[in-house]
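I opened this notebook to keep a record of what I look up in one protein model. The entries go from the overall fold to the core, then to charged pairs and the surface.

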Amino acid sequence: MNIGKFLLTALASCLGIFLAGGALIFIGGMGLAKTIAESGNTVKQAKPNTVLELKFDSSIPEQTNNIPINTFSLEQNKVLGLQNIKEVIEHAKTDDNIKGILLNLSGVMTGNATASVLRDAVKDFKSSDKFVVAYSNAYDQGSYYMASSANKVFVSPVGGMDFRGFSAQIPFFKDMLDRLGIKMQIYYAGQFKSATEPFRLNKMSEQSKMQTREYLNGMYQIFLEDISE
């Protein structure tokens, strides 16, 4: 009988601890969610004669915070996505307190497609007769492509510029597979079937070189025309 009472008491105690812990976790989670929501909804008002600085020193996802989340960190570092950055630039165009934009292009980490979208947004901003200034410690051709949309382009006195055109690198695996004794089962018909070449050849075929050269030349021509404007 005493054993039964002891087990009931122990079970009740465990249940109480479990319920109390669950309640604490729920309350803490609600508080954290509220804090995150409130911080996300806070809109900062620009002061008169503000210059909007845009830095592109981290990868730009398509949507805000569309990146892997560190579940062991409580820091909520907001990573703006491409669409939200466009909205910021569009808002700055109509905000009388914002007089211009500084493009901080040191360490740009973005591809040509994203750079082109941002560049078009900056060009649209300039139609409001507000200024755009670009600066970088050093330019590669990607960062200079974005800088060319500004009214003025500055570089560090000890900086430089690296401009070399477009290229493509294609890895080939046939020798490695042969050494490992792995035989690929490849099916293709006709020419210009470069998708399978890394597994059946040791270098680019003439057809692959031709098609690669064609699309690179086309992309590079558009790139140069955009800059020359």
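In what order do the elements of the protein run from the N terminus on? I read them as α-β-α-β-α-β-β-α-β-β-α-α-α, and the secondary structure comes to 7 helices and 6 strands. Here helices (H or I, at least four residues) and strands (E, at least two) are DSSP runs, numbered from the N terminus.

Before going further I noted that this is a predicted model, in which local features need pLDDT of at least 70 and side-chain atom pairs count only at pLDDT 80 or more, while totals for chains, interfaces and linings use all residues. Residues are numbered from 1 along each chain as its sequence is written, and side-chain values use heavy atoms, with hydrogens and water left out.

**Entry: overall numbers.** I found that 24% of the 229 residues of the protein count as buried, where buried means under 20% relative accessible area, exposed over 50%, and partly exposed in between (1.4 Å probe, protein chains only). The accessible surface comes to about 16,300 Å², and 59% of this surface belongs to carbon and sulfur atoms; the areas come from the Shrake-Rupley method with a 1.4 Å probe, and for residues only the protein chains shown count as cover. I also looked up contacts, meaning heavy atoms within 4.5 Å: among those with a separation of 6 or more, 63% join residues 24 or more positions apart.

**Entry: the core.** In soluble globular proteins, nonpolar side chains tend to be buried together. I therefore looked for a nonpolar core, that is, a set of buried Ala, Val, Leu, Ile, Met, Phe, Trp, Tyr and Cys residues joined through side-chain atoms within 4.5 Å. The largest one has 27 residues, and those with the most contacts inside it are Phe56, Ile89, Ile101, Leu103 and Leu105. Elements that each supply at least two residues of this core include β1 (50-55), α2 (82-94), β2 (98-104), α3 (112-126) and α7 (206-228), and the largest share, 5 residues, comes from α3. For Ile89, I set aside the neighbours within four places in sequence and was left with contacts to Leu54, Ile101, Ala121, Val122 and Phe125.

**Entry: salt bridges.** How many salt bridges does a search of the whole structure find? It finds 5, each a side-chain nitrogen of Lys or Arg within 4 Å of a carboxyl oxygen of Asp or Glu. In one of them, the closest N and O atoms of Lys93 and Asp124 are 3.3 Å apart. Lys93 lies in helix α2 and Asp124 in helix α3, so this pair ties together parts that are 31 residues apart in sequence. Lys93 is partly exposed at 26%, and Asp124 is partly exposed at 36%.

I then looked at Asp162 and Arg164, whose side chains meet at 2.9 Å, N to O; Asp162 is partly exposed at 33%, whereas Arg164 is exposed at 66%. Glu206 and Lys209 meet at 3.7 Å, N to O, and both lie in helix α7, 3 residues apart, about one turn of the helix.

**Entry: a surface patch.** Phe173, Met176, Leu180, Ile182, Met184 and Phe199 form a nonpolar patch on the surface, with about 520 Å² of accessible area together. Patches are made of residues with over 30% relative accessible area and no salt bridge, with like charges joined within 9 Å and nonpolar side chains (Val, Leu, Ile, Met, Phe, Trp, Tyr) within 5 Å. Ile182 is in the loop between α5 (174-180) and α6 (197-200), and Ile182 is partly exposed at 40% relative accessible area.
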